[in-house]
Amino acid sequence: MAPDTDLETIDKIIDMLGELPAAPIILNKVLKLTSDLRSNIDDISRYISADQTLTAKVLSLSNSPIYGRINAISSLSEAIKVLGFNQVKSIIITASTFRIFQSVAQSNIAHILWEHSLATALGARLIVEKYGELDKEEAYLCGLLHDIGKLVLLQTIPNSYEEVVEKAKESNLSFIQVEGKVLGFNHVNVGHELLTKWQFPDNLISQISAHHSTKINKKEYSMNLARVTAIADSIAKYIGAGFFEAYQALGDSVIFIGNKFIDEDDLISLRNGTETHFNAEMNSFYK
Ligand SMILES: [Fe+2]
Ligand SMILES: [Fe+2]
């Protein structure tokens, strides 16, 4: 975590967020409505239905080919019945997160960040589907929000953050390193503060905050969401959903998920699967 002085700066940035805090109302609502399934389905349907744009986006995503439905889903309650509450929860969170990304004026960088976040989320879900142990929708959520701090910085200090992007492009340094040099703190610090303010579950915040601290070429005792996010991040960059870090992703030839080694065939299949899902999802967003 950053020293106290940096935390004050980060707090100031969060305070400057402008319209960003509007979306978490839905995110928080959705996150909290998970324990009592029966009453929650009605509750959440009513809540989302009041927002027509969001409902339309949720339905269009529910009909994405990645869920493999033959018959079209035409209502929110049907989506929940057919896809399950957790899946629909992820879809709602995706639609509302997309809205946050769209609200940022620096649209080029925000668009790349959105692609990167979505690809990381889809990759993280596929990793857990294949290797088990964790909750795949939690993994998806970690992937979706792992770099949310970058978006906050882009929104609040656009000129400095464009400088960060330029410097990262020109140098061989990672974003974390350039952010540290230019700003004195990084997107992980900012993301941590933001998600804490949003009252996200603590375990997800700490796993998201560790996405740059895990070394994917080292064995771990067991699998965790930070590691899954880091591998999915690397896969996203590899398939071109990121800035210009494909070279870094290419270097990741030794990868452990927890204590399991991913061989080249498995890695290729994860990359291909992520790319297929990513392309299908991008179509659902922009059609
Ligand atoms: Fe990151
Ligand atoms: Fe990332």
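**A first look at the fold**

Modeller: This is a predicted model. Take contacts in the protein chain between residues at least 6 apart in sequence: 66% of them join residues at least 24 apart.

Biologist: How many helices and strands does the protein chain have?
Modeller: There are 16 helices and 2 strands in the protein chain.

Biologist: And what share of the residues is buried?
Modeller: The protein chain has 287 residues, and 41% of them are buried.

Biologist: Let's pick a helix. Which residues of α4 are buried?
Modeller: Helix α4 spans residues 52–62. Its Leu54, Lys57, Val58, Leu61 and Ser62 are buried. They sit on the same side of α4, because they cover an arc of only 135° around the axis.

Biologist: Why would residues three or four places apart point the same way?
Modeller: An α-helix has 3.6 residues a turn, so residues at that spacing point the same way.

Biologist: What about the other side of α4?
Modeller: Gln52, Thr53 and Ala56 are there, and they are exposed.

Biologist: New topic: Phe98. Where is Phe98 found?
Modeller: Phe98 belongs to helix α6, which runs over residues 85–102.

Biologist: How does Phe98 count, by its C-beta neighbours?
Modeller: Phe98 counts as partly exposed, because it has 19 C-beta neighbours inside 10 Å. Buried takes 20 or more.

Biologist: Which residues is Phe98 in contact with, leaving aside neighbours within four places in sequence?
Modeller: Trp114 and Phe285.

Biologist: And how far apart in space are Phe98 and His111?
Modeller: They are 9.6 Å apart, C-alpha to C-alpha. In sequence, Phe98 and His111 are 13 residues apart.

Conventions. Residues are numbered from 1 along each chain as its sequence is written. Chains are lettered from A and ligands numbered from 1 in the order in which they are written. This is a predicted model: local features need pLDDT of at least 70, side-chain atom pairs count only at pLDDT 80 or more; totals for chains, interfaces and linings use all residues. Helices (H or I, at least four residues) and strands (E, at least two) are DSSP runs, numbered from the N terminus. A residue is buried if 20 or more other C-beta atoms lie within 10 Å of its own, exposed if 12 or fewer, and partly exposed in between; C-beta atoms are placed from the backbone. Two residues are in contact if their C-beta atoms, placed from the backbone, lie within 7 Å. The arc is that of the directions from the helix axis to the C-beta atoms.
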